[in-house]
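Thanks for asking me to look this one over.

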Amino acid sequence: MLERRGEVPEPYEPPEPEVRAFVEFIGRLFAVLGTTLTRYAARCSRDKGSVSRYFRGQRIAPKDFVDELLRHVGELGGKPVTAEVQEEAHRLRMEALRVRNASRHEVEQLRDKLGSAERELHLASVRERHLLRALEATEAQAHQAEQRYRQLESDWATAQYASGAVGALELYGEPDGASGVRDELLGLKVELEALRAELARAQSLKHAAEERCVRLEARLLAAEATLDAERTAGRLQAPHTELESVRMALSREFGQRVERSLDLGTVAGELCALLVRRVADFASVDLVAGLTDDSALPSERPGDRTLLRRVSLACTPGLSDRWGREPVEGDLLTAPGSTPQGRALQQNAPVLVPVTGSEAAVDAVVDPALPPGAPFLSEAVGSSVLALPLSVRGTVFGVVRLVRLAGRGPFGHGDADHLQDLVVRAALSMDIARLHGAELRMAATLQKSMLPTLPDAMAGVRLGHRYLPGERRGGVGGDWFDAIQLPGSRVALVVGDVMGQGLHAAQTMARLRAAIHALAGLDLPPGQLLRHLDNLAHMLGPEQLATCLYAVYDPINRTCELASAGHVPPVLVHADGVGELLEIPSGAPIGVGGVPFVTAAVDVPDGSMLVLFTDGLVEFRDGGLGEGLAALCSGLIDPQQSPDQVCDTVLAHFRPDDRTDDIALLVARLVGIPSADVATWQLEPETAVVRRVRWLVLEQLEAWGLEALMDTTELLVSELVTNAIRVARDGVQVQLIRTDRLLVEVSDDNHNLPSMEPGGQLEEGGRGLVVVSKLAERWGTARKAVGKVVFFELPLPRT
């Protein structure tokens, strides 16, 4: 049959008679199929060379190949081949394998024997379970029969005792019906003995089968070790080399290179490179143009005017120079229905052009985006084209175009089927990459929207900050920074790092940042604030883990209180340029729980710089944090520079372009507020002090040269002090702070925050806040460690 179709292999006569007998047998089976060697190899998804060697006896056909051949013969005849034919085929194969490769023959023979022994063990186990169930049922029946017999005896004895014949019980016979029950019980006992004996034999057979399996497994391990040693020595060819076909190798390499990426462009590029390397001279991937800019799949089937974007292309070496007019990556093009790729897009089905003629060469091979009359390859005539649609869930979003030039075998239907399977897998990978990219963009957008837009300066503080996302596959992380204005012109400086990356990390960062803003309004010490934040993280879920550093700078007292939740310590750069790594208890990350957070306090002279950052800044791939922290403390930062300049200097030194982790950097120059710009008064909660405080405020404003603010400030202070006196118990504090604006704070020891009543009500209570809201540029209320504070701000008059 091998000669019937003109596919006569090179003459080869196996020297071993056993191999010749096996080859003749499978050759007769192949002749029944009436097909060519090429088609049968494609049907089996094996390369033609391997199949030819099997039928010539150069290699012993593997067992699965023989089984597949027998199945194909059975399908042709409409019924399976007989068991005798199957046994003869495998017997001849084992004989051929024995003389050709004794080690592999022994391994396969032992595997067959082990399989038979395991089946015997399985049958013995089934028999044992069946006998155990039968024994249990029979024992239950015997127990019930014995209980009935004893009940009959008891009833009979009771009746005899009632009749007065107690002494003559043994003279009377047994009770009525007892003989039948006794006979049944005796029969059940005989059956029990037989079942126990049968169970013992079954267990003996099971133990024998188990021991046989153990012995065969030991022999098989030894035989496999011998076979592996021969392969290692090079005397045998590895079985996968014999069995693996071109298509199997292509599929394996596809899984290793194409399906492992989460980047759309990388998936397309690896696909084209693999196809050119294996099956084609030219390959291109064109996607619907909107897909590369938007994350949504197209809602309509592509048409003649649908714009496509070239995402990737590849060709064999030396062909790129001659195919110079082909659109390159990033170009826009169309695919009319007259072209194979256009038909594949519009029909969502593979389109095969086995051999192109001169009339169809331009439409089939040269891209439709080229202008009319553009030159095309002379090799295009006689080439073979295969266009494969890219689709998921019934939606077509692109096309793969493959070209084989003349002189190379054309694509066949077997190629089209197999390559379409790969393209389906590629489409799924591209869809996954598309969704992954959409998630990354969403996470980046969310993170960007959550990062604060800080002013360049707050009271007593000058700020600089930077955020750089890491270059990594997982996308953005959860790094963040913040600066929050607190009562008393204090400023809370925050930096944190959520563990993980992607959308989940960005969401967690947004939650924690919002929680810190809310907790900061309670004016808690840093350690207590982190404790509340940790409790909140536990309420949000078990995976809300983050490191955080929270610092509160008091520009009036020149102190800074800090607490850390597993975060890298900050660096304090003194006015003389000496850097100091602040030693504060690190604590555990937010979300771990059960670990105290300790507040540490440090004095910060005016002109100092506090540098807060995440570990992405100082952590190197080939080392830990020590080298980066040492660099920050070794004169890298010039305290004469502005905070923005310091940020640029630090980032330039550490060169974060190749970092995989995000970087958040917050630099604060601590300049303090001069004592001459602060006025504070402690007042008793008495009505008479309202007049006194008005006089004190006016006197201070006059000393500062702020006469233009006297009337407004006097009115608003009167309203707030009056409200504070009504609820205070021990005292009221009034504080004026002059920076770039006038800040007035009125504090008392009552923690209830005042509310602003609607203007239409006639009650007098609460109307003072309405006046404050109308006249002040900014106002608000906040709780303090003890009591509350109500404040307002007024802009300084222009000079």
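1. Are Phe30 and Tyr40 buried or exposed? Both Phe30 and Tyr40 are buried. Please keep in mind throughout that this is a predicted model.

2. Phe30 and Tyr40 also form an aromatic pair, with 5.5 Å from centre to centre and 75° between the planes, an edge-to-face arrangement. Phe30 sits in helix 1 and Tyr40 in helix 2 (residues 37-43), so the pair links distant parts of the chain, 10 residues apart.

3. Tyr40 has a further ring partner in Phe65: the centres are 6.2 Å apart and the planes stand at 80°, so this pair is edge-to-face. Here the link runs from Tyr40 in helix 2 to Phe65 in helix 4 (residues 63-77), 25 residues apart. Tyr40 counts as buried because its relative accessibility is 1%, under the 20% cut-off. For Phe65 the relative accessible area is 0%, so Phe65 is buried as well.

4. Stepping back to the whole group, ring pairs join Phe30, Tyr40, Phe55 and Phe65 into a cluster. The count of aromatic pairs comes to four.

5. Next, the helix contact. The axes of helix 1 (residues 17-33) and helix 3 (residues 48-56) come within 8 Å and cross at roughly 120°. Helix 1 and helix 3 are therefore oblique to each other. On the helix 1 side the contact is made by Val23, Ile26, Gly27 and Phe30, and on the helix 3 side by Tyr54, Phe55 and Arg56. By type, the residues of this contact are five nonpolar, one polar and one charged. Phe30 and Phe55 take part in this contact and also belong to the ring cluster.

6. As one point to look up in your viewer, Gly496 has Cys548 in strand 11 as its bridge partner.

Key: Residues are numbered from 1 along each chain as its sequence is written. This is a predicted model: local features need pLDDT of at least 70, side-chain atom pairs count only at pLDDT 80 or more; totals for chains, interfaces and linings use all residues. Side-chain values use heavy atoms; hydrogens and water are left out. Axes are lines fitted to C-alpha atoms, for helices over the stretch in contact, and angles run from 0 to 180 degrees between N-to-C directions. Helices (H or I, at least four residues) and strands (E, at least two) are DSSP runs, numbered from the N terminus. Angles under 35 degrees count as roughly parallel, over 145 as roughly antiparallel, 65 to 115 as roughly perpendicular and the rest as oblique. Contact means heavy atoms within 4.5 Å. Ala, Val, Leu, Ile, Met, Phe, Trp, Tyr, Cys and Pro count as nonpolar, Asp, Glu, Lys and Arg as charged, and the others, Gly among them, as polar. Rings of Phe, Tyr and Trp (its six-membered ring) pair if their centres lie within 6.5 Å; planes under 30 degrees apart count as stacked, over 60 as edge-to-face and the rest as tilted. Buried means under 20% relative accessible area, exposed over 50%, partly exposed in between (1.4 Å probe, protein chains only). Two strands pair if DSSP finds at least two bridges between them.
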